[in-house]
Amino acid sequence: MEYHAIILAAGQGKRMGAGKNKMFLNILDVPVVIHTLRAFEQDAACLGITLVINKAEQTVFKDLLEKFHVTKVQRIVNGGKERQDSVYSGLKAVSGEGIVLIHDGARPFIKKEQIADVVQSAASTGAAVLAVPVKDTIKKVESNKVIETVNRSSLWAVQTPQAFRLPLILQAHDYGRSINAEVTDDASLVELMGRDVAVVKGDYRNIKITTPEDLFFAEQYLRALKRGD
Ligand code: CTP
Ligand code: MG
């Protein structure tokens, strides 16, 4: 099933503490954002990519796309202060009624099969997310004291990509803006409208590069992939 991808790269990577946007950090000599873009570059069902970036980094991104021969980026748009502002910029630039997939530039290990699953689900339900069951016991903590232990059996850690019919996610973002909702993913806005979001089981390896340990894992994992393990 065909789709258009919005790839988010307009963050600052503060938790990585690298002093620059983590999109530009290398995993085995290739920048994080290029690994991510390649996943979509190599997926025939991806019709095109809207890349959302920081305005000040435009030249760096353009140079990288050229250097690594990325051809599917149809447009580069400027992101905003919060992630949801960046998504909104991306959505506004896309047209049509089809399936739009929203993906963190910081998740370089996304696989074609997972993309296909979440896109397929969104095509039939309107909104779908990839997620994995939580493995750790989760406790609610305040001032270093346990407030509550949450029953793990129904907890899932939600990832990207998240896929939607374009009119639905646009409506959800407009609604979210009208009530000043602050959310950390796009599906939350669909949920706020009282609409269902389907959950598709993803893969624990689809990590988000967030803190320095993640880069260590990423490098080892990529080495294993290259060896064909
Ligand atoms: N992102 C974005 N625009 C923002 C904030 C985040 O496009 N205003 C993107 C990031 O580039 C990243 C994805 O959203 O690919 C997920 O966000 P996160 O992991 O939080 O990245 P950063 O915001 O860059 O990192 P941090 O929160 O540590 O500063
Ligand atoms: Mg962030």
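Reader: Which residues of α1 are buried?

Author: In α1, the buried residues are V32, V33, I34, H35, T36, L37, A39 and F40. A residue is buried if 20 or more other C-beta atoms lie within 10 Å of its own, exposed if 12 or fewer, and partly exposed in between, with C-beta atoms placed from the backbone. Helices (H or I, at least four residues) and strands (E, at least two) are DSSP runs, numbered from the N terminus.

Reader: What makes α1 a mostly covered helix?

Author: Helix α1 spans residues 32–41, and eight of its 10 residues are buried. Those buried residues pack against β1 (3–8), β2 (26–27), β3 (30–31), β4 (46–53) and α2 (58–67). Contact here asks that the C-beta atoms of two residues, placed from the backbone, lie within 7 Å.

Reader: What kind of model is this, and how are residues and chains labelled?

Author: This is a predicted model, in which local features need pLDDT of at least 70 and side-chain atom pairs count only at pLDDT 80 or more, while totals for chains, interfaces and linings use all residues. Residues are numbered from 1 along each chain as its sequence is written, and chains are lettered from A and ligands numbered from 1 in the order in which they are written.

Reader: What pLDDT does the chain average?

Author: The chain averages a pLDDT of 97, and 100% of the residues score at least 70. The scale is the predictor's confidence in each residue, from 0 to 100. For the model, ipTM is 0.99 and pTM is 0.97.

Reader: Why is one side of β5 and of β11 left without a neighbour in the sheet?

Author: The open sheet has seven strands in the order β5-β4-β1-β6-β10-β7-β11, with mixed pairing. Strands β5 (73–78) and β11 (198–201) stand at its edges with a single partner strand each, so one side of each has no neighbour in the sheet. On average, neighbouring strands are turned by 25 degrees against each other, direction ignored.

Reader: How do you know that β7 and β10 pair?

Author: Two strands pair if DSSP finds at least two bridges between them. Strand β7 (residues 127–133) and strand β10 (residues 156–165) have six bridges, in the antiparallel sense, so they pair by that definition. V129 stands opposite Q162 in β10. Strand β10 also holds P161, which a cis peptide bond joins to T160, with omega about 10 degrees.

Reader: Why is Y88 called buried?

Author: Y88 has 22 other C-beta atoms within 10 Å, so it counts as buried. Y88 lies in helix α3 and, leaving aside neighbours within four places in sequence, is in contact with G80 and H173.

Reader: Why do D29 and H69 count as exposed?

Author: D29 has 6 C-beta neighbours inside 10 Å, so it counts as exposed; H69 has 9 inside 10 Å and therefore counts as exposed. D29 sits in the loop between β2 and β3, and H69 in the loop between α2 and β5. D29 is not a glycine, yet has a positive phi of about 75 degrees. H69, also a residue other than glycine, has a positive phi near 55 degrees.

Reader: How many residues surround ligand 1?

Author: There are 22, and the closest are A10, G11, K14, R15 and S86. A residue is near a molecule if its C-beta atom, placed from the backbone, lies within 6 Å of it.

Methods
Axes are lines fitted to C-alpha atoms, for helices over the stretch in contact, and angles run from 0 to 180 degrees between N-to-C directions.
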